Amino acid sequence: MSGRSGDGAMSAEAFKTPLKGGRRKSSDVSTPSPTFAIPASPFMQKFGYGTGVSVYLMKRSPKGLSQSPWAVKKISKQCDKSSKNLYEERLNVEAKILKDLQHPNIVGYRAFTKSKDGSMCLAMEFGGDKSLNDLIESRNEDGLGPFPADVILKVALHMARGLKYLHNEKKILHGDMKSSNVVIKDDFVTIKLCDVGVSLHLDENMTVNDPKAQYIGTESWKAKETLEEGVITDKADIYAFGLTLWEMMVLSIPHLNLPEENDDEEDSFTEEDFDEDAYYEALGTRPALNMDKLDESYQKVIELFYVCTSENPKERPSATQIVQALEAEGVE
């Protein structure tokens, strides 16, 4: 199978389970004179956070009119000066990129300005009050087991559509695919990708060719080639996409290998029990699945997970191929 996007529909054989088990160049986004006022942090509802940033819900009702809310990303107050400068640069880059994106599976840009407390803010479409990671953690805490296969396939299709748009139309590598960067509205009514602040530019061959480009990502979701400073292509996103499907089946963080909770042994797992060597050795590989918890309805999910998490990026499908294959299966 070709390693390039847009190679045509993936054959049914492409999903068969194998037998063997940077940075974009930053430029400032001009800060407009806002016709609205973003409140100081205490006057908004905090509903998310990331490294160095917090995300707030901004309800908007100017002159008594009810308008759709915004999600506002701000630099955390706890950051020291050097960290604050780094995160402000990333927020600036994210605003510049997001302003140029328009797709139903990507959170939309609204404004880049200052709040009343003087903090730089990126205002975005409120894509949903829960991240996929929030839903995974809740499901794990409730002991509900894997998400239904049809739900996972729906999430996979909408994520892949967002990646297809980024890769093919905008020549952008998302660079940090994981459940925390997928926002869900209501009962999977909408599914949108977010957080493009560490994305990288792709050339016509779907390759990151800027020698100064640095792949940031998140360690547990990094493909082998990003860990070994190899050639980075659109397939780095596809590997992380595959691990996001794994998250929905296993309800855990890839490669951590934490023991299942046992009511009789609550809080028995300690930091000393963590096998750091095994963790780092496993990074970039395909994590195992507990097949006892996955019935035949998960067959297509498992096949997609397997092909997306091949250590050889050329064996992974493109986002275009994933979309075509899932649509051909009748996934909506």
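Start with the hairpin: select β8 and β9, which form it with four residues between them. This is a predicted model. β8 covers residues 182-185 and β9 covers residues 190-193. The two strands pair in the antiparallel sense, over four bridges. Now pick out lysine 185. Which residue of β9 is its bridge partner? It is threonine 190. Next, click on aspartate 186 in the turn. Its phi is positive, about 50°.

Move on to two helices. Select α3, residues 149-169, and α5, residues 235-250. They pack at an angle of about 160°, and their axes are 11 Å apart. Angles over 145 degrees count as roughly antiparallel, so α3 is roughly antiparallel to α5. Their crossing is right-handed.

Show the side chains where these helices touch. On α3, select Val151, Ile152, Val155, Ala156, Met159, Ala160, Leu163 and His167. On α5, select Asp237, Ile238, Phe241, Thr244, Leu245, Met248 and Met249. How many residues of this contact are nonpolar, polar and charged? Twelve are nonpolar, two are polar and one is charged.

Last stop: charged pairs. Side chains of opposite charge can pair when their charged atoms come close. The whole structure has seven salt bridges. For one of them, select aspartate 100 and lysine 170. Their closest N and O atoms are 3.5 Å apart. Where do these two residues lie? Aspartate 100 is in the loop between α1 (81-99) and β4 (109-114). Lysine 170 is in the loop between α3 and β7 (172-173). The pair therefore ties together parts that are 70 residues apart in sequence.

Technical notes: Residues are numbered from 1 along each chain as its sequence is written. This is a predicted model: local features need pLDDT of at least 70, side-chain atom pairs count only at pLDDT 80 or more; totals for chains, interfaces and linings use all residues. Side-chain values use heavy atoms; hydrogens and water are left out. Two strands pair if DSSP finds at least two bridges between them. Axes are lines fitted to C-alpha atoms, for helices over the stretch in contact, and angles run from 0 to 180 degrees between N-to-C directions. Angles under 35 degrees count as roughly parallel, over 145 as roughly antiparallel, 65 to 115 as roughly perpendicular and the rest as oblique. A crossing is left-handed if the near helix is turned anticlockwise from the far one by less than a right angle, and right-handed if clockwise. Contact means heavy atoms within 4.5 Å. Ala, Val, Leu, Ile, Met, Phe, Trp, Tyr, Cys and Pro count as nonpolar, Asp, Glu, Lys and Arg as charged, and the others, Gly among them, as polar. A salt bridge is a side-chain nitrogen of Lys or Arg within 4 Å of a carboxyl oxygen of Asp or Glu.
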